[in-house]
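Student: I would like to go through the labels used for this model and ask what each one rests on. Please set the values against the cut-offs as we go.

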Amino acid sequence: MCGAKWALAFIKYMVVPLITLIITPYVWNIVGLSWNKVGSDLEPTMQSSSVFLAAKPPGAAWAPLRVNSLYTSRSPTPTTTNDPNSMAATGPKWAQKTITLPPQRRGCHLITPKIVKEIGQDLSEFKCGLAHLFLQHTSASLTINENYDSDVREDTETFLNRIVPEGRSAPWKHTMEGPDDMPAHIKSSMFGCTLTVPITNGQLNMGTWQGIWLCEHRDQATPRKVVVTLNGI
């Protein structure tokens, strides 16, 4: 009986601690490997950064564990779709063309048909976007206004001539290119040299009675250049 008690005590206090001391490092290493495997199976966006934690059981070597961050600075993968009606179905595109307008007499001129004719082929390829028009001159201007009654264009020219004085009595210093030169610069700045028009389904999306005007402010007719840039999808 005493021999049996001594054997049980020997196993409890000597053999079990010895076995525990031997196998504990292997157990912790196995646990560490399992954590690393879990981390490697996570999505790439969750592995942008990581920190190492260490656990040291009594009598065992340090076993590093990898813990992966839930945040990332990487850009998400672009969304694609097979829906032809979706704006995400195709990427943005650009087109640009310089249009030369023939010389026009002094006054306001409707140029929408000329512009649309020149850019029509490129314009038809855009479902949604913007058309930007830039006039490369300082003595003419662009504006959008009435496209039906020509009296509106004539009245606008009358208005401009009345509010911007011209001739010897005008107070302008810049007269090297004639008495109409400085007034032309002022009128150009009043209306501006740029326009932006929305594009919808291959067409300039303007109002029913809207048209693009070229306003010629010089007496001497010269060709005018307009750079048209299209951007959209």
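Student: In this predicted model, are Arg-106 and Glu-157 buried or exposed?

Tutor: Both Arg-106 and Glu-157 are buried. That label requires a relative accessible area under 20%.

Student: What makes the contact between the side chains of Arg-106 and Glu-157 a salt bridge?

Tutor: The N to O distance is 3.4 Å. The cut-off is 4 Å between a side-chain nitrogen of Lys or Arg and a carboxyl oxygen of Asp or Glu, so the pair qualifies. Arg-106 sits in the loop between β3 and β4, whereas Glu-157 belongs to helix α3, and the two are 51 residues apart, so the bridge is described as a link between distant parts of the chain.

Student: Which residues are linked with Arg-106 and Glu-157 in a network of salt bridges?

Tutor: Glu-166 and Asp-219 are linked with them in that network. The structure holds nine salt bridges.

Student: How do you know that Arg-218 and Glu-177 meet in a salt bridge?

Tutor: Their side chains are 3.8 Å apart, N to O. The limit is 4 Å, so the pair counts. Arg-218 lies in the loop between β9 and β10 and Glu-177 in the loop between α3 and α4, so this bridge ties together parts 41 residues apart in sequence.

Student: Why is Arg-218 called buried?

Tutor: Its relative accessibility is 12%. Buried means under 20%, so Arg-218 falls in that class.

Student: What makes Asp-181 and Arg-218 a salt bridge?

Tutor: The N to O distance between the side chains of Asp-181 and Arg-218 is 3.2 Å. Asp-181 is in helix α4 and Arg-218 in the loop between β9 and β10, 37 residues apart. Asp-181 has 0% relative accessibility and therefore counts as buried.

Student: Why is Arg-224 called buried?

Tutor: The relative accessible area of Arg-224 is 5%. The limit is 20%, so the residue is classed as buried. Arg-224 lies in strand β10. Leaving aside neighbours within four places in sequence, its contacts include Ile-99, Leu-101, Leu-135, His-137, Leu-214 and Arg-218.

Student: What makes the pair Arg-224 and Glu-216 a polar contact?

Tutor: Their side chains make this contact at 2.8 Å.

Student: Which residues touch the most other members of the largest nonpolar core?

Tutor: Leu-133 and Leu-230 do, in a core of 23 residues. At least two residues of this core come from each of β3, α2, β5, β6, β7, β9 and β10. Beyond four places in sequence, the contacts of Leu-133 include Ile-115, Leu-142, Leu-195, Ile-212 and Val-227.

Student: Why is Phe-159 called partly exposed?

Tutor: Phe-159 has 44% relative accessibility. Buried needs under 20% and exposed over 50%, so Phe-159 is in between. This residue is found in helix α3. Together with Ile-163 and Met-190 it forms a nonpolar surface patch, with about 270 Å² of accessible area.

Student: What makes Gln-220 and Asn-201 exposed?

Tutor: Gln-220 has 58% relative accessibility, and Asn-201 has 57%. Exposed means over 50%, so both qualify. Gln-220 is placed in the loop between β9 and β10, and Asn-201 in the loop between β7 and β8. The C-alpha atoms of Gln-220 and Arg-105 are 7.6 Å apart in space, although 115 residues separate the two in sequence. For Asn-201, phi is near 50°, a positive value in a residue other than glycine.

Student: How many helices and strands does the chain have, and what part of its residues is buried?

Tutor: The chain has four helices and ten strands. Of its 233 residues, 29% are buried.

Student: What part of the contacts with a separation of 6 or more joins residues 24 or more positions apart?

Tutor: Such pairs account for 77% of those contacts. As for the accessible surface, the chain comes to about 15,600 Å², and carbon and sulfur atoms contribute 60% of it.

Notes
Residues are numbered from 1 along each chain as its sequence is written. This is a predicted model: local features need pLDDT of at least 70, side-chain atom pairs count only at pLDDT 80 or more; totals for chains, interfaces and linings use all residues. Side-chain values use heavy atoms; hydrogens and water are left out. A nonpolar core is a set of buried Ala, Val, Leu, Ile, Met, Phe, Trp, Tyr and Cys residues joined through side-chain atoms within 4.5 Å. Buried means under 20% relative accessible area, exposed over 50%, partly exposed in between (1.4 Å probe, protein chains only). Contact means heavy atoms within 4.5 Å. Patches are made of residues with over 30% relative accessible area and no salt bridge: like charges are joined within 9 Å, nonpolar side chains (Val, Leu, Ile, Met, Phe, Trp, Tyr) within 5 Å. Accessible areas come from the Shrake-Rupley method with a 1.4 Å probe; for residues, only the protein chains shown count as cover. A polar contact is a pair of N or O atoms within 3.5 Å; within protein, one must be able to donate a hydrogen and the other to accept it, and residues adjacent in sequence count only if both atoms are side-chain atoms.
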